[in-house]
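User: I am new to this structure and would like to understand what stands behind the words used to describe it. Could we go through it step by step?

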Amino acid sequence: MSCYMFESIPEDGMRKVTQGWVLVPRKSPGCPCPGAHGGCPGHTFPAGQPRAALLPTPNGSGPGQEFEGHWPESPERSPCVAGIIPVVYYSVLLSLGLPVNLLTTVALARLATKTRKPSYYYLLALTASDVTTQVVIVFMGFILQGALLARQVPQAVVRVANVLEFAANHASVWITVLLTVDRYNALCHPLRHRATSSPGRTLRAVAIVLSAALLTGIPFYWWLDVWRDTGPPGTLDEVLKWAHCLIVFFIPCSVFLVTNSAIVLRLRKRAQSGLQPWVGKSTAILLGVTLLFVLLWAPRIFVMLYHLYVAPVHRDWRVHLALDVANMVAMLNTAVNFGLYCFVSKTFRATVHQVICDAHLPCTLGSRPEGMAGEPVLRPPEIPKGAGWQRSV
């Protein structure tokens, strides 16, 4: 779909083509999409679709009154309401979220190496999945393919990108599921958790989830973009959209609800008996991560089902705008975990501070002129001039 309108060529400069008038496309004056092709992914022509149309007139004569002036935009095409806002938002999200996630990766890697706790390995894998999601979905999908290239890319490249995007999405969600199950075993079945948990088992579990995420992303090679879904959904399209909703939201949320409820009940019983505090830092991080995921991803799933059964994106501008906003909110989930970790864990804050200091120290030493060495912090006291050794009496 495109923010283009059609206008007829003036009579003095007309070109007649076999009983009709050539109509040329032009940018709609009210369209907020930047550039010649529009920045909104929903307002670009599908590959191979012509950008001009021939509107035949009765008996090959000149255009009638109904064809004079601007050709009105089809009521089946929703206008571009968000305009350039999503492009700016994703650019800011990528420029801020990617460095923060890289810093989180280094800090969690240090904690995992030092403590060898499974929870740090799972959080490290979750952060790496968020980095992949930001690169593949936010940069390659929304910014590069949607805004800069205006979706004028080969169809095969688009389909391969779909596989990578959904695989990264599935990996991020299901590593969170692994973290939830690990915390459930640690709190509800501590003896079994101590006997079975190890860094090797944790890494194997992460590898299995990543492999499964890649395999589950392959069917989405045939995913039909909602921006181009102009007709009634077919069987394959409906199956893929429901599979997307089940894999990334409904099934994980069911696991979160069951395990988190069991964890909270167990901690409440222990708190009543005075064994330990009502909630620990690891459990607080887990509950925060799962709650943020549910809140930030629920709008996208709701709009996806609404598009599937009630009103498609390309016909209702409100659904179009809702999907734009829902996508932006869902991608925010890839950049908020750093703030949650810093808010809950003092150990994580100290590790981040140490990482920043270690990165700043070589830069400071490397900026000094050659031949100038750093003086030691502690120096032996100097003997004042003129003072000699005195014999003690």
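User: What pattern does the chain follow when it is read along the sequence?

Analyst: In this predicted model, the chain reads β-β-β-β-α-α-α-α-α-α-α-α-α-α along its sequence, and the tally is 10 helices and 4 strands.

User: What makes a residue count as buried, and how much of the chain is buried?

Analyst: A residue is called buried when its relative accessible area is under 20%, and residues of that kind make up 41% of the 393 residues in the chain. The accessible surface of the chain comes to about 21900 Å², with 66% of that area belonging to carbon and sulfur atoms.

User: Where does the UniProt record place the feature "transmembrane region"?

Analyst: The unreviewed UniProt entry places that feature at residues 87-109, 121-144, 156-181, 202-222, 242-265, 285-309 and 321-344; such annotations may be inferred rather than shown by experiment. In the model, residues 285-309 are 100% helix and 0% strand, with end C-alpha atoms 36 Å apart, while residues 202-222 are 76% helix and 0% strand, with end C-alpha atoms 33 Å apart.

User: Why is the space beside Asp130 and Trp297 called a cavity?

Analyst: The word applies because a 1.4 Å probe fits there but cannot get out, and the structure holds 5 cavities of 30 Å³ or more. The largest cavity has about 150 Å³ of space, and its lining of 15 residues has Asp130, Ser172, Phe293, Trp297 and Asn333 nearest the centre. H2, H3, H7 and helix H8 (317-331) each supply at least two lining residues, with H3 giving the most, at 4 residues. By class, this lining has 7 nonpolar, 7 polar and 1 charged residues.

User: What makes the second largest pocket a pocket, and which residues are closest to its centre?

Analyst: A pocket, unlike a cavity, is an open set of points, and the second largest pocket has about 330 Å³ of space. Of its 17 lining residues, the closest to the centre are Lys117, Ser119, Tyr120, Lys281 and Ser282. Helix H2 (118-148), helix H3 (155-188), helix H7 (281-309) and helix H10 (346-366) are the elements that give two or more residues to this lining, which divides into 9 nonpolar, 5 polar and 3 charged residues.

Key
Residues are numbered from 1 along each chain as its sequence is written. This is a predicted model: local features need pLDDT of at least 70, side-chain atom pairs count only at pLDDT 80 or more; totals for chains, interfaces and linings use all residues. Side-chain values use heavy atoms; hydrogens and water are left out. Buried means under 20% relative accessible area, exposed over 50%, partly exposed in between (1.4 Å probe, protein chains only). Accessible areas come from the Shrake-Rupley method with a 1.4 Å probe; for residues, only the protein chains shown count as cover. On a 1 Å grid over the protein atoms alone, a cavity is a set of points where a 1.4 Å probe fits but cannot get out, and a pocket is an open set with protein on both sides within 12 Å along at least five of seven lines; lining residues have an atom within 4 Å of a point. Grid points are joined across faces, edges and corners, and a volume is the space filled by probe spheres set on the points. Ala, Val, Leu, Ile, Met, Phe, Trp, Tyr, Cys and Pro count as nonpolar, Asp, Glu, Lys and Arg as charged, and the others, Gly among them, as polar.
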